[in-house]
Amino acid sequence: MKQKFLVFGSLLLAGSVLAGCQSNADTNRGGGSNLGGFGNAGTNGLGNGGNGGFSAGGTSGGVSGSGGPAADGGTVAAGRATSGTTALPCNVNTILKTSCQSCHGATPLSGVPMSLISWEDTQKPAVSNPAITVHDMVKMRIHDTVKPMPMTGMLPADSLATLDAWLDGGAIAGTDPSCVPMSNPYAGTKPADTENCYEVHAHAKSVAKDTTPLMVSGEHYAAFYFDAPWPDGAQGVYFETLPGMHPELIHHWLIYSEENSNNPDGTVDYPASGSHPSSPTLVAGWAPGADNNSIPNDVGVQLSGTNHKMSMEVHFFNRTTDTLPVDMGVKICTVEKHLRPNTATMSWLGTELGINIPPMAQDSTATGTCTPQFSGDIHVIRTWPHMHLLGRHMESTILRANGTREPVSPAGGWPFDFNSEVSWKTEYVLHAGDRVETVCHYTNTTNNSVGVGFENRYEMCFDFTLAYPAKALVNKNFLGGSTSLTNSSTACLN
Ligand code: HEC
């Protein structure tokens with residue numbers, strides 16, 4: 001997402017490189033199978049030197065983010081999964097969905113005590129204190145300035161007010177059946193047909209297999225180049241974030257297939273120049289709030305091009321004045337012999353045109369329309385909206401060839417919260433001549449107008465869309481040879 005924004009990058013190109021691709025490390029550092037315990041930096045014990053705190057359902061260190069458990073190995077039982085299907089009031093449901101369910105999902109992440117999906121989930125005895133209910137505990141924790149929920153910081157005032165009104169009114173069930181809880185289908189565990197897993201880690205030295213932690217201060221992108229360790233044609237079936245020592249610094253990661261890169265295995269670009277090689281293909285990504293991606297079992301994600309070069313781009317955002325070490329990584333699991341029948345790729349829908357958000361705008365929009373080049377049926381399976389701080393929701397609509405409009409997103413659009421970027425299941429099929437419209441909605445609470453840019457103070461409007469056949473959504477014809485959406489609002493990129 002930065003490739004076209006060099007001009008905004010006041011970042012310097014410094015050292016170059018490194019690369020760490022540890023093959024087949026199914027035994028990963030930090031032991032986690034997911035992102036469980038983001039701690040509040042500084043208040044919790046993130047495990048033993050950062051490596052102990054994230055194990056899945058096994059022994060676990062300080063996953064709590066609360067300064068509570070010792071960081072050296074108390075046993076944390078798997079969190080309580082959801083049960084019941086009664087709706088919550090829609091406004092409450094939206095907040096839980098965007099701000100809580102990334103951790104308190106249908107199957108809670110490692111170290112998270114319980115699911116917060118259905119109304120029933122909120123009525124049970126609290127896990128840490130069965131004398132009170134979960135909703136009583138919610139009331140306490142959303143106002144707890146020392147260990148707030150969400151743990152990344154207190155909810156905005158309007159969300160807090162909505163939850164307070166509901167909690168103070170007795171936390172009663174909702175009546176609108178359209179707000180029956182939806183669990184995030186991409187919360188996933190490693191699929192049973194997985195044949196191999198590989199890890200890529202952030203590191204400091206531009207040397208293959210280097211494991212020196214990268215020291216991070218401020219807000220910067222980093223790019224780590226590596227040679228694809230899997231055989232030709234391998235499909236990705238599962239992508240897991242390995243949070244490492246300082247998960248709170250990770251604003252996003254993206255894995256690309258670098259089709260035109262010649263960077264040696266291990267190359268590190270930090271702070272990244274922002275000049276991504278010419279035609280990288282996005283393979284997978286994560287931002288706080290997204291789950292580990294388990295790809296549906298008839299689909300695998302195309303991993304590498306013919307030159308086997310890959311990269312992991314990470315947006316680090318260190319809000320402290322300290323320089324902190326990071327060794328985060330991504331586990332990539334594959335099928336290599338028994339391939340799945342469909343191969344998907346991720347495309348960028350949205351626009352970089354028309355993002356001009358006036359000061360104090362209540363609802364400013366930017367619209368992009370993707371006109372796929374492929375004329376056969378295209379199966380879209382996942383949508384992952386990406387905006388920045390002013391983003392509020394994103395609508396996605398199929399524009400059928402015959403002129404009808406079919407909304408893909410729920411009424412009011414996919415809710416969006418910068419601090420909890422969730423991906424959504426979107427099962428639809430495009431036929432020849434159909435297009436997809438993406439509308440991003442922003443609310444500007446500042447006195448400045450805001451345009452497009454890769455730093456958080458600027459805005460974006462992307463929908464990272466997973467679809468098969470591979471690259472079927474892509475259409476660069478509108479771009480006049482450019483590889484960014486900058487010149488057009490009618491393109492879709494790979
Ligand atoms: C980034 C992950 C994450 C997010 C997002 C998150 N939580 Fe949590 N939550 C945790 C973890 C980990 C714990 C266990 C450690 C602790 O209590 O601090 C927890 C504990 C809790 C508890 C205490 C349960 C008990 O039995 O002690 C409540 C209540 C809670 N969360 C509510 C919420 C609500 C409400 C939201 C959204 C407004 C939310 N959480 C968002 C990770 C998260």
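View 1. K471 lies in the segment after β24, where helices (H or I, at least four residues) and strands (E, at least two) are DSSP runs numbered from the N terminus. This is a predicted model, in which local features need pLDDT of at least 70, side-chain atom pairs count only at pLDDT 80 or more, and totals for chains, interfaces and linings use all residues. Residues are numbered from 1 along each chain as its sequence is written. Although K471 is not a glycine, it has a positive phi of about 65 degrees. Most residues other than glycine have a negative phi, and most peptide bonds are trans. K471 is buried because 20 other C-beta atoms lie within 10 Å; a residue is called buried if 20 or more other C-beta atoms lie within 10 Å of its own, exposed if 12 or fewer, and partly exposed in between, with C-beta atoms placed from the backbone. P469 is found in the segment after β24 as well, and the peptide bond that leads from Y468 to P469 is cis, with omega near 0 degrees.

**View 2. The loop between β16 and β17.** M360 is found in this loop, between β16 (342-350) and β17 (364-370). M360 is not a glycine, yet its phi is positive, at about 60 degrees. Is M360 buried or partly exposed? M360 counts as partly exposed, because it has 13 C-beta neighbours inside 10 Å.

**View 3. Strand β19 and its pairing partners.** Two strands are said to pair if DSSP finds at least two bridges between them. Strand β19 (residues 391-399) pairs with strand β23 (residues 435-442) in the antiparallel sense over 8 bridges, and the bridge partner of G391 in β23 is Y442. With strand β20 (residues 405-407), β19 forms an antiparallel pair over 3 bridges, in which I398 has E406 as its bridge partner. The hairpin of β19 and β20 has 5 residues between the strands, and G403 in this hairpin takes a positive phi near 95 degrees. Strand β21 (residues 414-415) is joined to β19 by 2 bridges, and these strands run antiparallel; here M394 stands opposite W414.

**View 4. The surroundings of V436.** V436 has its place in strand β23 and is buried, because 27 other C-beta atoms lie within 10 Å. Its C-alpha atom is separated by 6.9 Å from that of S396, although V436 and S396 are 40 residues apart along the chain. Leaving aside neighbours within four places in sequence, V436 is in contact with L349, C370, S396, I398 and L430, where contact means that the C-beta atoms of two residues, placed from the backbone, lie within 7 Å.

View 5. Which residues of helix α3 (residues 134-142) are buried? The buried ones are V134, H135, M137, V138 and I142. They lie on the same side of α3, because they cover an arc of only 155 degrees around the axis, the arc being that of the directions from the helix axis to the C-beta atoms. What covers these buried residues includes α2 (119-123) and α4. Between α3 and α4, residues H135, V138, K139 and I142 meet L160, L163 and L167. In the loop between α3 and α4 is P150, and the peptide bond from M149 to P150 is cis, with omega near -5 degrees. After α4 comes G170, whose phi is positive, near 100 degrees.
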